[in-house]
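Let's walk through this one in questions and answers, from pockets to strands to rings to sulfurs.

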Amino acid sequence: MKGVARTALGAGTAALILAFGTVVLGAPVHAAEPTANDQGAGTKEEGGRKDSGIYAAVRIQYSGSVAPSGGKGNVTSADVDWTPPPCWYAPYLGAKDFKKTMSAEIEEAASAPGMTGTPAAAIGQTKAHYEDEYGWTDTPGYKDYNVAKDGEGMFWAGVENPNEPDFLKRNSCTDLPFWVDNGEAPPPQYEEAITPEILAALAYQHMELPGTEVTLAPAQTTKVNLPTWAWLDKADFHEVQATAAINAPGFALTATTTAKPVSLRLEPGTADAVTYPASGECTINDDGSIGEPYARGNADRTPPCGVKYLRSSGDGTFDLQATITWEIAWTGTGGAGGDLPDGTFENGQAVTVQEIQSINR
């Protein structure tokens, strides 16, 4: 049986969501929360089986260098127009459990006081969609919630990105849950269905870069007009990886995002200073380090990476900002891969600058 256009049913569903908060986005399908931020860290992933089939929403699992407790990482994208996905569609429940959950929510919505007009019609169409094969142009309906195919696939539903600040964007994956057979790709109209590229972007969002502190000579306290050498040792300045994976019966994807340090930018914290090189951009050396450690006998040399302060910091300090730029790329299931926007991470260091004292005889 063919029904009204998908957009009309979607509008009714949106009203249903606003009224009860449970039909689509209220379903417990959320991004997993990382539990640590070191290499090899993982996440808890709720899931399992009952006699009725899969009983828990499938969660994204993060590992590697990721922020703890589901928080955003410390990477800032160099491309101001790039953002992680605000929402996506992912495996939700098997047929029997979906029937149990959705039919209860539809019944509760239908019995709410004052449920008439368009919302009531939307509820009726939603029920017919899952029970009586009520469909529309590119979306077939289901017979008895597809229970006859339990174990052969899953219903997928919208997932909001909890780190997306824009409420409307975060809640924009509002299509009704749809069925995907095991081993099959989601229907093409669901452009936000989870892919390795989406997982890579989420790994980028959760990535935690090391808080590397630039080594200075002289350290912390320097003198006016004295070149201060700055460097990062290759042992402390290395690439990091974050992985995002999703695993469900008949469906598994993974993507690993790799960040490789490529340059260091120094900002002295005052206009009364010069940097080496003049641009303040210190490039990476062939051995993976940046700059050059100060050694005795180099006092008259210009540092390849450093800063010279032209006035004292007085009773305070200057806030030297060291910003590392990272090249970021990803690889994923099926040989997929590509580049993501460069990322930056900024460290601040307090530097005391003193006048050189001299005695006139």
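For the pockets, picture a 1 Å grid over the protein atoms alone: a cavity is a set of points where a 1.4 Å probe fits but cannot get out, a pocket is an open set with protein on both sides within 12 Å along at least five of seven lines, and lining residues have an atom within 4 Å of a point. This is a predicted model, where local features need pLDDT of at least 70 and side-chain atom pairs count only at pLDDT 80 or more, while totals for chains, interfaces and linings use all residues. Residues are numbered from 1 along each chain as its sequence is written, and side-chain values use heavy atoms, with hydrogens and water left out.

Q: Which residues lie nearest the centre of the largest pocket?
A: The lining has 19 residues in total. Strand 4 and helix 5 (196-206) each put at least two residues into it; helices (H or I, at least four residues) and strands (E, at least two) are DSSP runs, numbered from the N terminus. Nearest the centre you'll find K72, W82, T83, P84 and Q205.

Q: How much space lies in the largest pocket?
A: Grid points are joined across faces, edges and corners, and a volume is the space filled by probe spheres set on the points. Counted that way, the largest pocket comes to about 340 Å³.

Q: How does the lining of the largest pocket split by class?
A: Here Ala, Val, Leu, Ile, Met, Phe, Trp, Tyr, Cys and Pro count as nonpolar, Asp, Glu, Lys and Arg as charged, and the others, Gly among them, as polar. For the largest pocket, that gives eight nonpolar, seven polar and four charged residues.

Q: What about the second largest pocket: which residues are closest to its centre?
A: This pocket holds about 200 Å³ of space. Its lining divides into eight nonpolar, four polar and four charged residues. Of the 16 residues that line it, the closest to the centre are P140, Y142, W179, V180 and P187.

Q: How many bridges join strand 17 to strand 18?
A: Two strands pair if DSSP finds at least two bridges between them. Strand 17 (residues 318-332) and strand 18 run antiparallel, and I324 stands opposite F345. Their hairpin has four residues between the strands, and G334 there takes a positive phi near 80°. The number of bridges is 13.

Q: Does strand 9 run parallel or antiparallel to strand 18?
A: Three bridges join strand 9 (residues 221-223) to strand 18, and K223 stands opposite Q354. The direction is parallel.

Q: How many aromatic pairs does the structure hold?
A: Rings of Phe, Tyr and Trp (its six-membered ring) pair if their centres lie within 6.5 Å; planes under 30 degrees apart count as stacked, over 60 as edge-to-face and the rest as tilted. By that test, the count is 17.

Q: Why is the pair of Y130 and Y142 called stacked?
A: The ring centres are 5.7 Å apart. Y130 lies in helix 3 (residues 117-131) and Y142 in the loop between helix 3 and strand 6 (153-160), so the pair ties together parts 12 residues apart in sequence. Because the planes sit at 10°, the pair is stacked.

Q: Are Y309 and F318 buried or exposed?
A: They form a stacked aromatic pair, 5.2 Å centre to centre with 10° between the planes. Buried means under 20% relative accessible area, exposed over 50%, partly exposed in between (1.4 Å probe, protein chains only). Y309 has 1% and F318 has 6%, so each is buried.

Q: Which cysteine does C87 join?
A: A disulfide is a pair of cysteine sulfur atoms within 2.5 Å, and this one has S to S 2.0 Å. The torsion about its S-S bond is about 80°, so the disulfide is right-handed. C87's partner is C173.

Q: What is the torsion about the S-S bond of C282 and C305?
A: The sulfur atoms of C282 and C305 are 2.2 Å apart. The disulfide is right-handed because the torsion is about 90°.
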